[in-house]
Amino acid sequence: MATAFRSSSSSTILPILLVAAVSLTAAGATVTHLHFFWHDLVTAPNPTAVTVTQPVDPSSGFGATVVIDDAMTEGPEPSSTPVGRAQGFYVVVSRNASDSSLLMAMNLALTSPEYNGSTISIMGRNPVLNHEREIPVVGGTGHFRQGRGYALLKTYSFNATTGNAVVEYDVYVTH
Ligand SMILES: *[C@@H]1O[C@H](CO)[C@@H](O)[C@H](O)[C@H]1NC(C)=O
Ligand SMILES: *[C@@H]1O[C@H](CO)[C@@H](O)[C@H](O)[C@H]1NC(C)=O
Ligand SMILES: *[C@@H]1O[C@H](CO)[C@@H](O)[C@H](O)[C@H]1NC(C)=O
């Protein structure tokens, strides 16, 4: 049986827990639910998100390309237990700053004991100003071979001064 990494919610006093969150579909495939926080750190001296092409339109950011090797952790604090790295890139693909959206393409390279070495590939549209976004899971390797599914994203915190963001992910993979 697989397990998913989860954290306590702010409404409880439970410590961070590893909770099984696996169910079987009618066809006998497994659905695994992973819950973690994604840290997009753009500030020096050790950014994990680096802008490699500057925007053609600074007001919207249109055209900016950011390469990432972002930490994934069980809880929202940077010091929380790491569960993997989100490696890939995102591009600002909206001209309209009021409807800002990214194309995201990344591999979740998992390092938690139960999934160490497995990956989940995610690609899709991320309208970052929306409360909740959905991005397709387009594949996986190892434990998640032939995986399909979706990721639900909610911004946990965004520092407008630094540009650093923490995003809560709920990823559901059928495999
Ligand atoms: C920009 O997006 C906002 C929010 O979706 C919308 O109200 C506005 O009409 C858009 N502007 C243009 C020029 O498309
Ligand atoms: C994950 O795998 C790597 C490479 O095989 C190994 O060095 C590392 O100790 C493993 N980590 C865990 C938490 O099992
Ligand atoms: C944003 O980051 C700056 C610089 O590190 C820090 O001084 C400030 O307190 C942060 N703002 C929030 C709301 O965390």
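Helices (H or I, at least four residues) and strands (E, at least two) are DSSP runs, numbered from the N terminus. This is a predicted model, in which local features need pLDDT of at least 70, side-chain atom pairs count only at pLDDT 80 or more, and totals for chains, interfaces and linings use all residues. Residues are numbered from 1 along each chain as its sequence is written, chains are lettered from A and ligands numbered from 1 in the order in which they are written, and side-chain values use heavy atoms, with hydrogens and water left out.

**Exercise 1. A loop residue**

Task: Find where Glu132 is placed, and decide whether Glu132 is buried or exposed, or something in between.

Solution. Step 1: Glu132 sits in the loop between S9 and S10. Step 2: apply the cut-offs, where buried means under 20% relative accessible area, exposed over 50%, and partly exposed in between (1.4 Å probe, protein chains only). Glu132 has 41% relative accessibility, so it counts as partly exposed. Step 3: look across to Lys154, which is 22 residues apart from Glu132 along the chain; their C-alpha atoms are separated by 5.0 Å.

**Exercise 2. The partners of S6**

Task: Work out how many bridges join S6 to S4, to S5 and to S7.

Solution. Step 1: recall that two strands pair if DSSP finds at least two bridges between them. Step 2: strand S4 (residues 30–40) and strand S6 (residues 65–73) run antiparallel and are joined by 3 bridges; here Phe37 has Thr73 in S6 as its bridge partner. Step 3: strand S5 (residues 49–53) is also antiparallel to S6, with 4 bridges, and Thr53 is partnered by Thr65 of S6. Step 4: between S6 and strand S7 (residues 82–92) there are 9 bridges, again in the antiparallel sense. In S7, Gly88 is the bridge partner of Ile68.

**Exercise 3. A charged pair**

Task: Which residue forms a salt bridge with Asp69?

Solution. Step 1: the rule asks for a side-chain nitrogen of Lys or Arg within 4 Å of a carboxyl oxygen of Asp or Glu. Side chains of opposite charge can pair when their charged atoms come close. Step 2: the structure holds 1 salt bridge. Arg85 is the partner of Asp69, and their closest N and O atoms are 3.1 Å apart. Step 3: the pair links distant parts of the chain, with Arg85 in strand S7 and Asp69 in strand S6, 16 residues apart. Step 4: Arg85 has a relative accessible area of 30%, so it is partly exposed, and Asp69 is partly exposed too, at 33%.

**Exercise 4. Aromatic rings**

Task: How many aromatic pairs are there, and why is the pair of Phe36 and Tyr169 classed as it is?

Solution. Step 1: rings of Phe, Tyr and Trp (its six-membered ring) pair if their centres lie within 6.5 Å; planes under 30 degrees apart count as stacked, over 60 as edge-to-face and the rest as tilted. Step 2: this rule gives 5 aromatic pairs. Step 3: the ring centres of Phe36 and Tyr169 are 5.2 Å apart and the planes lie at 15 degrees, so this pair is stacked. Phe36 belongs to strand S4 and Tyr169 to strand S12 (residues 165–174), 133 residues apart. Phe36 is buried, at 0%, and Tyr169 is also buried, at 0%. Step 4: Phe37 and Tyr156 make an edge-to-face pair, with 5.4 Å from centre to centre and 80 degrees between the planes. Phe37 is in strand S4 and Tyr156 in strand S11 (residues 148–158), so the pair ties together parts 119 residues apart in sequence. Phe37 is buried, with 4% relative accessible area, whereas Tyr156 is partly exposed, with 45%. Step 5: ring pairs also link Phe36, Trp38 and Tyr169 into a cluster.

**Exercise 5. Backbone details**

Task: Which residues does a cis peptide bond join, and where is Gln146 placed?

Solution. Step 1: most residues other than glycine have a negative phi, and most peptide bonds are trans. Step 2: Ala44 and Pro45 are joined by a cis peptide bond, with omega about 5 degrees; Pro45 is in the loop between S4 and S5. Step 3: Gln146, in the loop between S10 and S11, has a positive phi near 60 degrees. Gln146 is exposed, with a relative accessible area of 70%.
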